[in-house]
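Let us take a walk through this structure together, one stop after another. Have the sequence and the 3D view ready as you read.

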Amino acid sequence: MDFTLSETQRMLAETTDRLMRERYGFEERKKILAGPDGFSRALWATFAELGVTGLGIDEEYGGLNGTMGDLAVVAEAFGRALVVEPYMPTIVLGAGTLSLAGSDAQRTELLPQVAAGDLFLALAHGEPKSRYTLCHVDTRAEPDGADHLLTGAKAVVLGGDAADQFLVSARTAGTATDPHGISLFLVPKNAPGLTIRAYPNIDGTRAADLRLDRVRVPASARIGEPGQALPIVAHAVDRAIAYLCAEAVGAMQALNALTLDYLKTRTQFGVPIGSFQVLQHRMVDMEVALEQARSMAILAADRADDPHPHERSRAVSAAKVQIGRSGRLIGQSAVQMHGGIGITEEYAGGHYFKRLTLIDRTFGDADHHLARFAAAN
Amino acid sequence: MDFTLSETQRMLAETTDRLMRERYGFEERKKILAGPDGFSRALWATFAELGVTGLGIDEEYGGLNGTMGDLAVVAEAFGRALVVEPYMPTIVLGAGTLSLAGSDAQRTELLPQVAAGDLFLALAHGEPKSRYTLCHVDTRAEPDGADHLLTGAKAVVLGGDAADQFLVSARTAGTATDPHGISLFLVPKNAPGLTIRAYPNIDGTRAADLRLDRVRVPASARIGEPGQALPIVAHAVDRAIAYLCAEAVGAMQALNALTLDYLKTRTQFGVPIGSFQVLQHRMVDMEVALEQARSMAILAADRADDPHPHERSRAVSAAKVQIGRSGRLIGQSAVQMHGGIGITEEYAGGHYFKRLTLIDRTFGDADHHLARFAAAN
Amino acid sequence: MDLKYSEEERAFAEEVRAFVRAELDPAVRDRVLNHKRLSKEDYLSWHRKLAQRGWVAPNWPKEHGGCGWNAVYRFIHEEVMAEEGAPPIVAFGISMIGPVLIAFGNDAQKRHYLPRILSGEDWWCQGFSEPGSGSDLASLRTKAVLDGDHWVVNGQKTWTTLAQHANLIFCLVRTDPTVKKQEGISMLLIDMATPGITVRPIITIDGEHEVNEVFFDDVRVPKENIVGEPGKGWTYAKFLLSHERSGIARVGQSKRELKRLKAIAAAEEVDGVPLIETKAFREKLAALEIELMALELTNLRMIAAEKSGQAPGAEANMLKIKGSEVQQGLTELMMEAVGPYALPFNPEALEPGWNGEPIGPDYAAPLAGTYFNYRKVSIYGGSNEIQRNILSKSLLGL
Amino acid sequence: MDLKYSEEERAFAEEVRAFVRAELDPAVRDRVLNHKRLSKEDYLSWHRKLAQRGWVAPNWPKEHGGCGWNAVYRFIHEEVMAEEGAPPIVAFGISMIGPVLIAFGNDAQKRHYLPRILSGEDWWCQGFSEPGSGSDLASLRTKAVLDGDHWVVNGQKTWTTLAQHANLIFCLVRTDPTVKKQEGISMLLIDMATPGITVRPIITIDGEHEVNEVFFDDVRVPKENIVGEPGKGWTYAKFLLSHERSGIARVGQSKRELKRLKAIAAAEEVDGVPLIETKAFREKLAALEIELMALELTNLRMIAAEKSGQAPGAEANMLKIKGSEVQQGLTELMMEAVGPYALPFNPEALEPGWNGEPIGPDYAAPLAGTYFNYRKVSIYGGSNEIQRNILSKSLLGL
């Protein structure tokens, strides 16, 4: 039993945190958000130099062959800095899915580009009516000779703004929520028939809604076996949730630190507001919530690649519930204790609150995962 | 719009509160509990003299023809004093059901005796497997000539220890949870085939489990139409819930007063513990919870005889949810702020906590009524 | 005990309802119902209609052009308008400075300002909070020094709601730094066009511009623009803050929002079933509805007590606490209801007249933003912690 | 990062588990699992078996007959025993006064008392709390005055757990009323048979007798029965209270109770469906289970840190808070699970050997009582409010 970081992880954490301190202060982040892409390609290049973009990728494709635990170290640092670069979409979901199920040709072609920082990916799975239900896919893939024609809509595709290629799920068989019959295809952003509506999210990350109108994909674009994509997507999404849990822990930690600092420095009635017992106890509860969340984020990372999907998803759902609840308590309490300043654009606190709130809405909120955990019990 | 008590109600409240002050102090109550019946027949006689036992009964049967609002006034006073006499079972459920659906002969025979304080009744409806589901009746009534033979079991019959007569529900048709086919019969306590296992409840009230083994009842013992008892029972139970809500408000009020007094008099670290902000705020939350509960208890009493059963049960369920939640918050907080003394037998505080907790388990807990309310929405 | 309004009160409620339905611009109503942005003119056009009807100042005495209504009528008027989607009456003139001027202003001030508030000609804003003084309002530092016939004001106010629309500001300023902090404060009436005043927007995390900073740099204010006596500003401020709190629980607005939540939850689907029919969501919604029912009755009990002559006291603080919790609960459930479509940030969709294609369902755009924005309701007007401090003292004697 | 126990640790856990299963009297196990009353002999027979195995004092150094285990082994030992339904090791001797004597006692005391604690010959109780001093322990007033070769003790202790079984009590007494309250306190070791000691039961609202008042009326205690130096009692008490807190979260016990809750919820039915399969109850249970999972991991993280040399600090206070919340949540859900059968009061059913017919399901009898009783776990050992005060200071520097 050992809860300390490995030597590699410690170095990774230090490197990432230092990079964030140097390049991702609150003002720098504002500039990045205001830039043409809404994120920094220069920083992405630095990620590539440092090997961060290759972290989850096999050595044979130019990566570092890191574990989910390694990715979680990056996630936590990114959470502390409120990083908006599409790391989770490209690396965890995109490259992760390809690593899980891509053909040799697909991996050989694409993963080195991702590791080098030259390619952005996005998983286009959720749909306007699917909410958090992974097996709910209405987009159709109709065979046309050796090709397929994809038609449908994809909703809130994270990183969809930057993506060069999409991993698009579509039905080759079955209807609506049938777990079987879902296939996964690589679709380049400039594919004829593909319309991308990109937009910022309220936390500064970016996404896109896609429309596919008879988008033609060759057989070589299919990822994995026909009709068998759901377990792959489910695994990739569980890994993404584990990543988000670690990211949320970083955000909670930073928000707690900000709040504690505010309690010590803000004076009212001639004393620091941190001298009021009610605020002290609430701050304690925020710290307890953080420790509980950290424990479950560790569990999620540990189980994210568990060979038993049932064990994996049970642990990941439990973690997502805890993260949702801790994030809500910490976010709401932090804003309340800051007062008005806590909800202004000019102060970092509110941005952590927003990020934590939206993490709870990503790949299933606390209620959704509580139900999933309870059903798996 | 007028939330003040009527003149009659004000007098009733004063009379009852005075009686409680004089005869139902904590030590007197202890003696009553230790007595042979677990309640005071002498006090019951005084209730009769004051007209309290006739409050819900028509004038033509020797009662005062009071409303649910009048009964709620008594309930609140009884809640403040933690009265264990079987008032709700006999008056609200027993006499109430007879008033709703009894034949002229039944009313003429029984209601004057109740009003005079000479007769105790109990509604024997719940069963070992029925939990809070009113239509769940397994006890069978088999016709035998003009009579019926009742066989089955009844669980946690409130006031079942003192009852001279039971109002027993049994199936004349249908199975398990069929809403139709339930009939109601009067059964005297000494009926052959009836076994009564009486016991105290943990809050000092008393109850009984019944076994019926081919208990013979004549046609004249049937209350209301055959097979049509469920709406009657449901109405009587909604009235009983309205009564319990008012009783709970009385208990909460008393417990809040005790707690506030403790905060002002108990010193630690050289100051009254009521000077600690965390306890102050919790006490405020207890007062807010009391006011919200009081509002809903008023609503429940007002709607308890609403001609639209849907409106009635919606309001009553909403009130029961609020009472359950307020009672839990107040009970748990009061104990916590008292420390150890709050859970000793020698101190009144813990007894209010117990009563409030058991009220939440009576005729459906907060979760049950939340579901009922939500389904009626 | 009678939980129903009287015949007369019911008739009045219906009169108000009919008036709103007949007179309110449907486009404005739509913006209110769907949390889109309201322009200054949206507020003012409705203000003028109410003024015309004689209903714009429910809490003012008749001799000053108010309605002279009792607590119940005021409550009905406010709640029905809220339920029907009317913009709120802008509070700064009608509910804040108006009553102060009526109680403490001189004749000239009453004659000049009151009619202009009623007509909507003047838009006031409130200069109370400062960066250093949040809950501890009396610690304010903006100072005014008498220089001949003028007060010279220097300092900074913050959280000044809708200052961008205002031509006047009522300000608490420190006129005597030598006495106890509460006793050195005065209240000044200041023209926003006076040289030396700068208004800087504060953007909130939903991207909206609702509040501002107001800077005073040697701002010269005519001597006579003081309310009442110098050094009594704290008394007037307390009067202002405790005045007219019948609507503090925002029951009418929350009833309207509950309807909206139900509509959204009926439109959203989980695996083909309307969200509102799923047990978990339905019961969360029900729990909130019950809280609102209790709040409404608690509010009515307090209004009835006020009508029968009892001054509103500690109860207002309770209503503020519970009312804010219910409002926040509603915004949170609405955000939850749209699931992943809570993420996109599409502020253009809130602009009047925007005709673009929505991202996701057309009701989605404001939901997350409103949730974030509504964290303010447990902060402003005395945070819920301050409300509990007050109750602890005034109600419990702790 | 490795969340699993080592091979060796896993083997140890299995060894403990096998030992409990082989050696624990099934009747005692049944009483523990079903919250029936434990007799003094139930505790002692198990204590002796552990003593025989050399496992009764996990936290004592080997030279005094303890196990000398590291934090992880101590944790495994305690948790596995709890999970398997063993009675808890009676803490007063092993976890409380024993370590104090080892650290601060003189040789004679060590030689005399330690073996008797290990063997179970002595049953200690704790004389700390007084009626006037709950959270403010240092304000205690029981006084001891030196009179020749004896301390003469007068005063009253309360909440003295299982004093009815004890033949010895360790007591905090005030020996110097003239100095700062923390500095005038000494710790005495007192024979319960000394004339002048009266034990009065305190019955709790579940009808049980677990705690007592202990009165001291001119009780003469030999001078040498003081621990360490006079006036240092507060230091020893703080040492005692902070010592051996690895099991403070009660994870093993809560895992056992979670199993019991699941069994009850599987046996109870709602309209013919097992309660555990109804969505609302299942999800409440799941929420609690997740809290327990998080607590277990948090506990393990802290144990691992302790093993690698970091002293247990603020973390113990966190574990106490969360641990008590989880324990209370479990008792509450069990009571909820039995519905109306939470009402009957049937304390005879808790007596060993009772063979009567249960009222309702046979698991029902203790449930409401346990819920009421377990409100204590957020009160004793420093209430959760005190824990938060401590954390606010020690962890946050507020």
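**Rings and interfaces**

In chain A, ring pairs join A:Phe39, A:Trp44, A:Phe47, A:Phe78, A:Tyr87, A:Phe120 and A:Tyr243 into a cluster. Rings of Phe, Tyr and Trp (its six-membered ring) pair here if their centres lie within 6.5 Å; planes under 30 degrees apart count as stacked, over 60 as edge-to-face and the rest as tilted.

Before going on, please note that this is a predicted model, in which local features need pLDDT of at least 70, side-chain atom pairs count only at pLDDT 80 or more, and totals for chains, interfaces and linings use all residues. Residues are numbered from 1 along each chain as its sequence is written, chains are lettered from A and ligands numbered from 1 in the order in which they are written, and side-chain values use heavy atoms, with hydrogens and water left out.

Over all chains, the count of aromatic pairs comes to 50. One of them is the tilted pair of C:Trp69 and C:Tyr73, with 6.3 Å from centre to centre and 50 degrees between the planes. Both C:Trp69 and C:Tyr73 are buried (buried means under 20% relative accessible area, exposed over 50%, partly exposed in between, with a 1.4 Å probe and protein chains only). Another pair is edge-to-face, because the rings of C:Phe104 and C:Phe239 have their planes at 85 degrees, with centres 5.1 Å apart. C:Phe104 lies in helix H5 (residues 91–104) and C:Phe239 in helix H7 (residues 233–242) of chain C, so this pair ties together parts that are 135 residues apart in sequence. Helices (H or I, at least four residues) and strands (E, at least two) are DSSP runs, numbered from the N terminus. C:Phe104 is partly exposed at 29% relative accessible area, and C:Phe239 also counts as partly exposed, at 25%.

Now turn to where chain C meets chain A. Here 50 residues of chain C are in contact with 45 residues of chain A (contact means heavy atoms within 4.5 Å). The area buried between these chains is about 3900 Å², and carbon and sulfur atoms give 56% of that; buried area is the accessible area (1.4 Å probe) that two parts lose on being put together, summed over both. In chain C, the residues that lose the most area to chain A are C:Ile205, C:Leu343 and C:Phe372, together 19% of what that side buries.

How many salt bridges cross the interface of chain C and chain A? The rule finds 5, a salt bridge being a side-chain nitrogen of Lys or Arg within 4 Å of a carboxyl oxygen of Asp or Glu. One salt bridge joins the side chains of A:Arg131 and C:Glu268, at 3.7 Å from N to O. On the side of chain C that touches chain A, H11(C) gives the largest share, 5 residues.

The last stop is where chain A meets chain D. There, 36 residues of chain A are in contact with 37 residues of chain D, and the buried area is about 3400 Å², with 67% from carbon and sulfur atoms. A:Met1, A:Phe3 and A:Gln292 lose the most area on the chain A side, together 23% of what that side buries. The rule finds 3 salt bridges across this interface. A:Arg314 forms a salt bridge with D:Glu289, where the closest N and O atoms are 2.8 Å apart.
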